[in-house]
Amino acid sequence: MAEFSTSIKDKGEVSIINLKGYLDAHTAPILENNFVDLIDKSRFKIVVDFRDLAYISSAGLGVFMAFIEKVRDGKGDIKLAGMNDKVYNIFDLLGFPLLYEIFNSEDEAIKKFAENR
Amino acid sequence: MKTKTLKVKSKTENLSQIRDFVSSVTSELKIPKDISENIILAVDEACTNIIKHAYNYSPDGEILVKLKPTKTKFVVSIMDNGITFQPDKIPEPDLQKYYRQRRVGGLGIYLMKTLMDEVKYTSKPGQYNEVLLSKNIRVAQSNAR
């Protein structure tokens with residue numbers, strides 16, 4: 001079975017979801033639940049850290065599409081950070097850089113939220 | 001090289017086994033990592049679609065993955081006995097439109113077509129569906145840097 005796990009930490013107003021392992025159609029519901037929980041708690045400023053993510057398929061990318069509107073309606077955003085080249089390439093092929101801000105590091109993404117306050 | 005075959009049930013938890021199977025063969029053949037990764041992702045997308053659409057998440061269906069490498073091409077045949085899939089009815093994804101409509105489907109087929117050199121669907125309704133994914137693997141000496 002694919003190894004995938006997430007961990008969530010809060011830095012002030014921003015919540016950071018760290019992804020680890022393989023994000024596919026089997027493991028995507030774990031990330032979906034994370035977004036549902038954060039949205040339930042009205043934590044709309046979300047950074048997703050891809051540093052430890054080894055693999056993503058379209059089922060994983062679909063999760064970001066599913067929640068982005070709700071998050072932006074709540075005056076927040078989903079900012080993406082720390083992708084390796086292979087993962088970034090998949091996001092790029094599907095045109096995600098037009099819809100999402102993608103940063104080199106988690107810190108840069110958090111900083112952007114602070115600038116926009 | 002001989003054809004290698006893997007038969008698994010139509011469960012998403014088997015996707016990692018399918019990826020490992022493809023990976024073991026591409027590394028045995030010393031196929032470059034980037035090409036190998038593209039093949040693995042395309043096969044994952046095809047099998048995910050079969051689990052979702054052909055078998056509608058029923059875990060009892062069967063998926064047969066055959067790897068048929070030649071000197072110039074890496075061909076993957078993926079067969080199922082589920083509902084016939086009509087890829088022509090799936091439009092190319094428009095992410096801006098998806099954003100507005102909160103749609104998330106159709107990305108997989110687009111990825112498969114982008115990552116592979118050829119994607120071909122064959123269906124014998126009531127018998128089987130087959131998707132053939134093909135990737136050119138010949139290293140053109142004249143183009144080598």
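This is a predicted model: local features need pLDDT of at least 70, side-chain atom pairs count only at pLDDT 80 or more; totals for chains, interfaces and linings use all residues.
**Layout of chain B**

- Chain B has four helices and five strands, and from the N terminus on they go β-α-α-β-β-α-α-β-β.
- Of the contacts in chain B between residues at least 6 apart in sequence, 65% link residues at least 24 apart.
- Chain B has 145 residues, and 34% of them are buried.

**Helix H2 of chain B**

- H2(B) is mostly covered, with 16 of its 22 residues buried.
- How far apart are the end C-alpha atoms of H2(B)? They sit 30 Å apart, which agrees with the 32 Å that 22 residues should span at 1.5 Å a residue.
- After H2(B) comes B:Asn56, which has a positive phi, near 50°.

**The nonpolar core**

- The largest nonpolar core holds 64 residues, and those with the most contacts inside it are A:Leu23, B:Ala42, B:Val43, B:Ala46, B:Cys47 and B:Ile78.
- Leaving aside residues up to four places away in sequence, B:Ala42 touches B:Leu111, B:Met112, B:Leu115, B:Met116 and B:Leu133.
- As a general point, nonpolar side chains in soluble globular proteins tend to be buried together.

**Where the chains meet**

- Chain A puts 21 residues into the contact and chain B puts in 20.
- On the side of chain B that touches chain A, helix H1 (15-28), H2, H3 and helix H4 (107-115) each supply at least two residues.
- By class, the side of chain B that touches chain A has ten nonpolar, five polar and five charged residues.

- Mean pLDDT for chain B is 87, and 81% of its residues reach 70 or more.
- Which element of chain B has the lowest confidence, and which the highest? Helix H3 (residues 95-101) is lowest at a mean of 61, while strand S1 (residues 4-9) is highest at 98.
- Residues 140-145 of chain B stay under 50 in pLDDT, and the model has one contact beyond four places in sequence for them.

Conventions
Residues are numbered from 1 along each chain as its sequence is written. Chains are lettered from A and ligands numbered from 1 in the order in which they are written. A nonpolar core is a set of buried Ala, Val, Leu, Ile, Met, Phe, Trp, Tyr and Cys residues joined through C-beta atoms within 7 Å. A residue is buried if 20 or more other C-beta atoms lie within 10 Å of its own, exposed if 12 or fewer, and partly exposed in between; C-beta atoms are placed from the backbone. Two residues are in contact if their C-beta atoms, placed from the backbone, lie within 7 Å. The expected span of a helix is 1.5 Å times one less than its number of residues. pLDDT is the predictor's confidence in each residue, from 0 to 100. Ala, Val, Leu, Ile, Met, Phe, Trp, Tyr, Cys and Pro count as nonpolar, Asp, Glu, Lys and Arg as charged, and the others, Gly among them, as polar.
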